[in-house]
Amino acid sequence: MVKMAKKERSFDPIELEIFKSLFVSIAEEMGVALCRSSFSPNIKERRDFSCALFDADGETVAQGDHLPVHLGAMPLSVKSAIESMDFEPGDVAVLNDPYRGGTHLPDITLVSPVFIKGFDRPLFYVANRAHHSDVGGISPGSMPLAREIYQEGVIIPPVKLVRRGQIDRDLLNFILANVRTPVEREGDLTAQIAANRIGERRLIEIVGKYGAKRVLEYMKHLQNYTERIIRLTLQSIPDGNYDFEDYLDDDGLSGRPVRLGVEIRIKGDEAEVDFSSSDPQVEGSVNANYAITLSATLYVFRCLIRGDVPYNAGLMRPIKLIVPLGTVVNARPPAAVAGGNVETSQRITDVLLGALAKAIPERIPAASSGTMNNVTFGGIDPRNGQPFAYYETIGGGMGASPERDGLSGVHTHMTNTRNTPIEALEHYLPIRIRRYRLRPDSGGQGRFKGGDGIIREYEFLAPARINILSERRRFSPYGLQGGQPGKKGENILISRGQKRRLGGKVSIEVKSGDILIIATPGGGGFGRP
Amino acid sequence: MIRLGIDTGGTFTDFVLMEPGQLRVHKVLSTPANPALAIIQGLKELGVFGQEIDLIHGSTVATNALLERRGARLAFITTSGFEDLLTIGRQTRRELYNLMVEERRPLVDREFSFGLPERIGYDGKIIRPLDASALEQLVKQLKQHRIESVAVCFLHSYVRADHERKVGQRLAQENIHVSLSSDILPEYREFERASTTAINAYVAPLMERYLRHLEQELGEAKLKIMQSNGGCLSAKAAREKPVTTILSGPAGGVVGASAIAFQAGFRRLISFDMGGTSTDVSLCDGAIMTTTETEISHLPLKIPVIDIHSVGSGGGSIAYLDEGGALRVGPRSAGAEPGPICYGKGQEITVTDANLVLGRLEPKHFLGGQMKLFPERSFDAIEKLADQLKLKAEELAEGIVRVADATMERAIRVISVERGYDPRDFALVSFGGAGGMHACNLAERLRIPLVLVPKNAGVLSALGMLLSDVVKDYSRSVLLKAEAISFNEINELFKPLLDQAIKDLTKEGFSRQKIRLLRYLDTRYVGQSYELTVPASSKFRRDFDRLHLRRYNYADESRPVEIVNLRVKAIGLTDKPPLPKLEKKGKSLSSAMLDERVMIFDGQKYKAKIYNRQLLEPGHFLAGPAVIMDYESTAVLPPNWQAQVDAYGHLIMRMKRK
């Protein structure tokens, strides 16, 4: 039974449940509207977005079960917007600057204040973040192998996109002039504004029904609720210090492995997560900003909780995060960060789970594929002479767990984005998919077998520039408790009958008829075979 | 002509027989091992066995086979290189924060997923012809493995079905059942199409055997099968596409609820069906709505089905305090076994127990007095938990009901407010065993002005089946920019679908005068991925913008629009006599009163009258607080509510004017 401090017993367990369901439903409703009315494949098909509501301090109250990699970053965006401007009713702030509450540049976040009659300051905020298919920069899809963030796309600090209900056309035009597919961008931003309006409207309705005081109280109670549950979870882990290290293959420029190290110190119902042993920030784009490392940490601890608990600010309260500035897990501007969000976040998860496996081996699975296998390409579509840009990620094998085999051909950990139907792809892009299969025997052997990766084979029907940002091409996803590691991934190009192995992070030009094969890593096995 | 609706449920098989001027209702215990036995028994007891009657049957054979994975030994054939299409799916996991997440149980073993060399382009060009010798090899393998049924889904077969047809013809020669994706769902998006086709192939042989057997037994009766789109279909046609019968039970309920509401004068309604483990809600704005985005058993099902939203909250939902100190209700349910605590065996508190403690259920008259309840067991258990929380038993019981109501309120909001409808414009039609106990409370929370509890609420699904028309859906992916095509050209594209529809409904025995053809366009802004369905009229563009605004809060008249699918809903109008009015015997209201008891609302005790629903007559006027007991359902009229019995025997409940 939970020990309840005096101040905590002021809530009613019935009301708590009712408000919990109300708050979560608002975030979910925003998400449904955004996903269904947006234009970027990343948002509508791949569901690379998140929606959440926040209290007056910008602390999360509830977030939809959207994308783990956005967990920690959402409140940072809101706080950064609050610090940067004075909100008026009807305003909407926009931002994507990874050093001011963003994740990586393609993720554009909109923050709206919610004003309630009788209060002169916003009582709540709602926000949504969505991955746009292109935000400019040196390559289509805005996931380049860059050395500086300036090369990655247009940087938007927190500014007002909507003032008192009116879109700032000047600002919008400025943003649209810096991206490759402006019509689509404008559609997505409109959908994002509409989604925030839904959240705003619902919150106002709830206040109308229950009164501001009760709503505010139960927001606090709900944060405390999540805090109680995470504390119980931490308590179930034996006290002690647990460390682990693993490597990124390279930063895409130097070929040198990048070390990620963590020590988790559990004491009672609190945890300290210390990344001090990680490498300094690197020249390539695999740097993670603070938001990403926070997200990965939150994700891992959220997974330890059995049962469904709403994600909010309470989750982080008993966890102290130590990440020295200037490291690959807390980069300083102007480091490039496009890959931090998609690749380094997965490795951060791997080292956290690896450390926890030393404490609670019966609850931690072997490493999953550990990469999102980002493939971006663009060019001119010969069918209509129009430019095209496309970005997708490919699933891999899930690590085997103490209870069962890992799933095959699936996105794991920090992402859960859907694939684009092949029939849609071939209709809209000058490309043919020749193979999309599981990769046999790529999962690590063990008492429970790691899931298999995927083989995806593209035939380009027009010249195109391709960027690949992938990991686990050099270091395998680890097995646990005697299980074998999963098979490493491979990238292969076949041009005019010549087969060539590509690196994990490359930018290349291909000709019409060239074939690209991406084979993704399997998951690690669990237990001696 | 006599019409009979038969709904096979888990416990009972319900019969509603319509003869000129009267309805007869009958129930027989279901016979799950062979559902036909209960049907034959019921027909004999009703005295219509062997007669030439119209019989509309809602079967759970396909649904259960799917849920319990007892379907055919299935193989899947696709374009080579894509053999794992059904396994990979959309590449996502079911639960985000579960490190040991389980796989969705596939219908096809991986070793029975086969690729054939062939390729058709998105534009219908044959890039690689079907390899005939590979097909021959595969046929041998299928026979070796004793495959009973095959699903075929080649890439882009919605544009050109030649290769699928060749495989279909070849397998038919071998007497292997085959379902082609181009027949089942000729729409783009390969995984969803393949999944729907696989479900069809998986249940087809079983359904075939069941229906053949049933037809033999029935002799002269004309058997029609209920579908999930709210219409029925001849047994012969249903055998070819059994996937359309999955989820037909709940569909029957919605059809019944809307037919009753329409006749009672309400064109806009929300149906609310609260059972033991879950609650189904559906919105009907003058016409029943369908969706093409259903999932069953974690598998996508893309055919049009009635848009029913289901949540895990019912009479049997279990209430408990979680480790964070919140009172949770459901989704776990005590079901019928062990059932709520008051049934005598269960140990966990349920919503039904809470209702009993609050006096909203009358133990003496439960199931017509045939089942003994143990109210003191419920009270003791609730009091024990209440003590822990420093609450009174009644306070906790009201809390349990409120949490359950909140879940159901949210479900109704999803289908109304979140889609741009204002619940105040609708009537709430409540049925299912527990619905009537919660309906008025929910209506109050959602500001719904009126609740209708139909006569025969316990057999509404069978009634809906009896009243259903024959409905067939047709679709075709076209993926056309609206600007590049005139409305006349769109009309031309509809022609093959319309011709097919007329042909099929003629086969079902309808003359052209009795056939209605409704045409729709699945439309979206260029670049979007989700479509909104609007009627195919010359004003479709305007209708689309309006619907988009309503659903997603914005519209852009200047943005180009794309037509993704053409749809035709073909309706064969069946002859249905109107529902008979309830005979008025002239008895007073007091003669329908069974008892009085204490009922609790908002912490206050009230003396409430208990009425026997069977003895209520048109014109009776009831004031809350009251409980109205029917054989298998209970309705609660809260203190500030009143009810009137209309000419058909339905209870029309409204809030008292203040």
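How are α7(A) and α8(A) oriented to each other: roughly parallel, roughly perpendicular or oblique? Point 2 takes this up.

1. Basis. This is a predicted model: local features need pLDDT of at least 70, side-chain atom pairs count only at pLDDT 80 or more, and totals for chains, interfaces and linings use all residues. Residues are numbered from 1 along each chain as its sequence is written, with chains lettered from A and ligands numbered from 1 in the order in which they are written.

2. Helix pair in chain A. The axes of α7 (residues 290-304) and α8 (residues 338-359) of chain A come within 9 Å and cross at roughly 45°. Axes are lines fitted to C-alpha atoms, for helices over the stretch in contact, with angles from 0 to 180 degrees between N-to-C directions. α7(A) and α8(A) are therefore oblique to each other. Angles under 35 degrees count as roughly parallel, over 145 as roughly antiparallel, 65 to 115 as roughly perpendicular and the rest as oblique. Among the residues making the contact are A:Ala296 and A:Val300 of α7(A), and A:Gly340 and A:Ile348 of α8(A). Contact requires C-beta atoms, placed from the backbone, within 7 Å. Helices (H or I, at least four residues) and strands (E, at least two) are DSSP runs, numbered from the N terminus.

3. Core. The largest nonpolar core has 351 residues; A:Leu53, B:Val150, B:Ala198 and B:Leu428 touch the most other members. Helix α7 (residues 190-218) of chain B gives the most to this core, 14 residues. Such a core joins buried Ala, Val, Leu, Ile, Met, Phe, Trp, Tyr and Cys residues through C-beta atoms within 7 Å. Buried means 20 or more other C-beta atoms within 10 Å, exposed 12 or fewer, partly exposed in between. Beyond four places in sequence, the contacts of B:Ala198 are B:Leu74, B:Phe76, B:Leu86, B:Leu107, B:Val108 and B:Ala151.

4. Interface. On chain B, 50 residues are in contact with 57 residues of chain A. α3 (85-88), α7, β21 (327-333) and α12 (393-415) of chain B each give two or more residues to the side touching chain A. The largest share, six residues, comes from α12(B).

5. Domains of chain B. An automatic or database assignment gives domain 1 (67-207), domain 2 (250-314 + 405-466), domain 3 (319-397) and domain 4 (470-572). The C-alpha centres of domains 1 and 3 of chain B lie 48 Å apart.

6. A:Ile204. This residue sits in helix α5 (residues 182-210) of chain A. A:Ile204 is partly exposed, with 16 other C-beta atoms within 10 Å. Beyond four places in sequence, A:Ile204 is in contact with A:Val114 and A:Ile116.

How values were computed:
Two residues are in contact if their C-beta atoms, placed from the backbone, lie within 7 Å.
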